[in-house]
Amino acid sequence: MSETRTPAETAALLGRTDVNDLEEILAITNTDAEETIRAVKDNADAIFTWDYEKGARPALNKLYEKAKTAQWNGETDLDWSIEVDPEKWFVGAADPRFGPEGSLARRKNSPVAKWGDKEWATLAHESLTWRMSQFMHGEQGALICTAKIVETVPWIDAKYYAATQVMDEARHVEVFAKYLDEKVQDHYPINTHLQLLLDDIINDSRWDMTYLGMQIMVEGLALAAFGFMHQLTEEPLLKQLLRYVMADEARHVAFGVLSLKEFYEGLDAAEIRERQEFAFEAAVRMRDRFLQQEVWERMGVPVKPLVAGLLDIPQEENIFQQMLFSKIVPNCKKLGLLDAGDAWLRHRFEEIGIIQFEDWVDTGEEYETLDAVTQDREQTAAGQ
Ligand SMILES: [Fe+2]
Ligand SMILES: [Fe+2]
């Protein structure tokens with residue numbers, strides 16, 4: 001049986017007493033969506049190190065050397081001349097009837113129970129636009145967080161690697177923005193739960209928390225989400241874009257796992273508990289963002305009954321959403337976060353229905369097999 005958290009504990013973590021409190025979830029809205037910039041305090045010291053010994057951390061050095069040769073150019077390595085017909089591709093790529101909204105459609109009196117093909121096609125289009133927009137905003141979050149890691153991490157091998165990741169993230173923001181601008185010709189502002197999560201990560205003064213929030217949680221989820229979209233879409237430009245982005249992301253998650261594994265070994269029980277709580281809070285914020293309230297607002301669907309219905313779907317019917325956590329949970333296990341202390345994080349992950357992924361492959365080494373850029377270059381060289 002899992003230990004239960006007191007309402008006060010939940011409130012301290014999330015700012016609400018019940019993880020599924022609908023009013024509280026919907027009360028958080030994006031108030032500066034019309035502004036062009038947003039300032040967030042990053043509360044950290046920039047750290048110089050005078051220990052320049054390259055390769056003192058061999059796993060990070062290997063990752064850095066790999067990253068130097070696996071760079072690609074978003075303008076020239078993707079074929080932007082490909083015509084994209086949103087109506088044709090988006091519906092086929094992600095028919096929402098196979099997802100949680102489909103479960104909702106089978107329930108009497110739900111706001112989507114009487115929908116026809118036209119409404120489902122609109123939802124497919126809006127959902128893809130929304131998801132791609134959140135990817136773009138999340139990529140900018142990664143750009144900023146990793147620039148912060150360059151400043152704050154005390155190890156030279158990690159500063160070197162993080163510098164290559166900053167370049168990767170610039171390229172990711174660039175290609176998602178270009179795809180939205182030229183091919184989708186539409187976008188959504190950042191989802192407020194995603195913004196809150198990025199704010200929390202950037203606000204924290206401790207350098208390892210940037211890694212935990214970004215490399216383990218946000219990028220772990222992104223890697224799983226990109227993987228689904230890559231499998232489902234047959235639109236050739238998006239497929240190639242995702243393949244290349246995933247090659248980079250797998251390295252980024254590995255960077256998080258390799259760095260934190262060493263650092264966590266030196267932390268005491270109270271410090272580890274803080275990391276467990278941070279990971280849980282991030283998981284709930286990421287789940288809330290997938291309620292995509294902005295899409296319902298734009299489509300004129302009553303948001304409250306719709307989101308209430310989505311939160312009510314039994315865990316066993318919500319496999320797609322759970323799968324988004326399939327990289328995060330094994331990585332948390334590898335870092336020792338699941339079972340440290342009284343297995344606090346294990347119990348929380350049980351509550352939100354994602355513990356079943358604990359023994360899936362972790363991402364410490366997976367980047368070798370996902371390196372699409374090197375694979376394509378080798379194939380081109382072999383054909384010449
Ligand atoms: Fe990225
Ligand atoms: Fe990344």
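**From one residue to the whole chain**

Gln 231 sits in helix 9, which covers residues 207-232. From Gln 231 to Arg 243 is 12 residues along the chain, and their C-alpha atoms are separated by 9.8 Å.

Now the overall picture. The protein has 17 helices and zero strands. Its C-alpha atoms fill a box of roughly 65 × 60 × 40 Å along the principal axes. For 384 residues, a compact globule would have a radius of gyration near 21 Å, and the protein has 21 Å, so the two agree. Buried residues make up 42% of the 384. Of the contacts with a separation of 6 or more, 83% are between residues 24 or more positions apart.

What is in the interior? As a general point, nonpolar side chains in soluble globular proteins tend to be buried together. Here the largest nonpolar core has 83 residues. Met 217, Leu 221, Leu 241, Ala 279 and Cys 332 have the most contacts inside that core. Which helix gives the most to this core? That is helix 10, residues 236-264, with 15 residues. Take Ala 279 as an example: leaving out residues up to four places away in sequence, Ala 279 touches Leu 212, Met 217, Cys 332, Leu 337 and Leu 345. There is also a second, separate core of 12 residues, and Leu 104, Tyr 188, Leu 291 and Trp 296 are among them.

Next, helix 13, residues 303-312. The buried residues of this helix are Leu 306, Val 307, Gly 309 and Leu 310. Looking down the axis of helix 13, these buried residues fall within an arc of 155°, which means that they line one face of the helix. What covers them includes helix 2 (22-27), helix 5 (100-105) and helix 12 (293-299).

Last, confidence. The mean pLDDT of the protein is 90, and 93% of the residues reach 70 or more. Among the elements, helix 7, residues 156-184, has the highest mean pLDDT, at 98. Helix 1, residues 7-14, has the lowest, at 64. Where pLDDT is low, the predicted coordinates should not be read in detail.

That is the end of the tour.

How values were computed: Residues numbered from 1 in each chain as written. Chains lettered and ligands numbered in written order. Predicted model: local features only at pLDDT ≥ 70, side-chain atom pairs only at ≥ 80, totals over all residues. Helix = DSSP H or I, 4+ residues; strand = E, 2+ residues; numbered from the N terminus. Buried ≥ 20, exposed ≤ 12 C-beta atoms within 10 Å, placed from the backbone. Arc of directions from axis to C-beta. Contact = placed C-beta atoms within 7 Å. Core = buried A, V, L, I, M, F, W, Y, C linked by C-beta atoms within 7 Å. Rg over C-alpha atoms; globule rule 2.2 N^0.38 Å. pLDDT = per-residue confidence, 0-100.
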